[in-house]
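Thanks for coming, everyone. Please take a look at the structure on the screen, and then I'll walk you through it.

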Amino acid sequence: MKPEKLIKVTCILSNLLSDTFRKEMENLGIPLLFVQPSRSVLLKEKRIILDYRTSTLLQEFRRDIFRFYLPKKFELPILSHLIHLLELNQPGRGSIYSEDVTLFGLPEGIFSSLKIPAEPKRKAPLLSDLVGINCIVQRGEGNILGRSVLERGISVPTLFYGRGMGLRGKLGILRVTISLEKEILFLTAQKQDSADVINFIVHNARLNHPGKGFIYMFPLRKGTMDTRIYLGRTRHLASMEQIITAIDELKQASDWRRKTIPFASPRNRRKRYLKSLLNYTLLGNEGETEPYVKMAMDAGAGGATLSRLQCLGKFSAESTSRSAAKEMSTLVLNRETSNIFQEKLETSDFFEEGIAGILEVSEVELASTYLPS
């Protein structure tokens with residue numbers, strides 16, 4: 001199976017912008033588009049009756065996560081075009097970022113209909129000093145962790161549901177306390193703060209305890225951050241979020257926002273982290289990826305997370321073996337296990353017409369979970 005090095009673009013939008021985004025994907029000739037329902041959480045100011053004080057509540061908003069792939073030459077033109085079209089430089093509208101991936105299972109010529117949009121009159125405010133962080137926790141704990149992230153002023157978290165596989169069966173009697181249902185919390189962070197952010201989340205979510213969850217960080221190429229983490233009264237002509245976004249745009253970087261107070265104590269900095277890892281994402285028809293995930297478990301994988309999404313675009317519509325209902329199975333593997341698993345996968349029927357699966361491989365900078373002594 002011939003690998004293809006591509007750019008993966010992820011766009012997280014208010015569901016009010018989703019129709020506009022989908023129509024533009026058709027106009028640009030994007031052949032393969034995945035969409036997944038999610039939610040974001042923000043802090044909202046609440047006034048106490050007959051009192052000058054205020055408190056904060058956690059408020060949820062519906063979001064859609066869109067993912068698609070591009071050859072490298074299309075990356076900057078399409079990112080810039082979408083930022084201007086959707087006004088993603090305005091706080092609260094969403095975010096977009098790109099990353100390097102290697103794909104297996106795409107037919108030749110899939111990108112032949114892609115169009116490069118006209119260059120915007122104004123340069124897009126793209127940042128290149130960001131990382132992505134995915135944290136898998138037990139269902140029901142996502143909002144608790146999301147609130148902690150917001151209160152620290154890290155970024156706006158996005159949450160969606162999934163199902164866990166693998167680790168639960170290895171914990172003996174402890175497995176009865178661990179649900180199969182998971183919540184995945186995604187956020188972007190400034191590269192210079194990433195170590196402190198990871199330490200803070202590991203400590204706050206107790207990820208170094210058995211069955212509590214898993215976190216991993218991966219590199220991003222270009223992107224924008226949604227800076228609106230708080231809803232409340234604006235007492236000035238511009239909100240603080242608008243000012244932050246304007247400075248980011250002027251500097252074309254976010255390193256000026258370096259936090260001066262660490263997120264975690266020095267003792268937490270000595271936690272053991274896993275490095276030199278790869279993220280393997282299996283994309284297939286709903287209900288058909290689980291046997292191949294078990295193949296990864298047999299090769300030595302520690303666990304996987306399965307979540308549902310929908311496939312749009314010309315590529316899906318023209319293939320009789322590809323259903324619109326999809327399943328995404330994510331595994332983070334060490335190099336040795338990934339080699340064994342990939343050899344097994346390539347000799348299986350995963351890429352054949354009846355299954356027509358797609359494999360996405362990308363780098364993971366570090367990860368953390370419970371590690372027995």
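**Confidence, salt bridges and a helix pair**

The model is predicted, with a mean pLDDT of 85 for the protein, and 81% of its residues reach 70 or more. pLDDT is the predictor's confidence in each residue, from 0 to 100. Residues are numbered from 1 along each chain as its sequence is written. In this predicted model, local features need pLDDT of at least 70 and side-chain atom pairs count only at 80 or more, while totals for chains, interfaces and linings use all residues; side-chain values use heavy atoms, without hydrogens and water.

One stretch needs care. Over residues 171–177, pLDDT stays under 50. For that stretch the model has four contacts (heavy atoms within 4.5 Å) beyond four places in sequence. Where pLDDT is low, the predicted coordinates should not be read in detail.

Now, salt bridges. Here that means a side-chain nitrogen of Lys or Arg within 4 Å of a carboxyl oxygen of Asp or Glu. How many does a search of the whole structure find? It finds 13.

Take Lys8 and Glu360. Their side chains meet in a salt bridge, 3.1 Å from N to O. Lys8 lies in strand E1 and Glu360 in strand E13, so the pair ties together parts that are 352 residues apart in sequence. Strands (E, at least two residues) and helices (H or I, at least four) are DSSP runs, numbered from the N terminus. Are Lys8 and Glu360 buried or exposed? Both are buried. Buried means under 20% relative accessible area, exposed over 50%, and partly exposed in between, using a 1.4 Å probe and protein chains only.

Next, Arg39 and Glu183. Their closest N and O atoms are 2.7 Å apart, in a salt bridge. Arg39 sits in strand E2 and Glu183 in strand E7, so this pair ties together parts 144 residues apart in sequence. Both Arg39 and Glu183 are buried. Glu60 joins in too: Arg39, Glu60 and Glu183 are linked in a network of salt bridges.

Strand E7 also holds Glu181. Glu181 meets Arg139 in a salt bridge, 3.6 Å from N to O. Glu181 is partly exposed, at 32% relative accessible area. Arg139 is partly exposed as well, at 45%.

Last, two helices. H3 (residues 142–151) and H4 (residues 194–204) pack at about 145°, with axes 11 Å apart. Axes are lines fitted to C-alpha atoms over the stretch in contact, and angles run from 0 to 180 degrees between N-to-C directions. Which residues make the contact? Leu145, Ser148 and Val149 of H3, with Phe200, Ile201 and Asn204 of H4.
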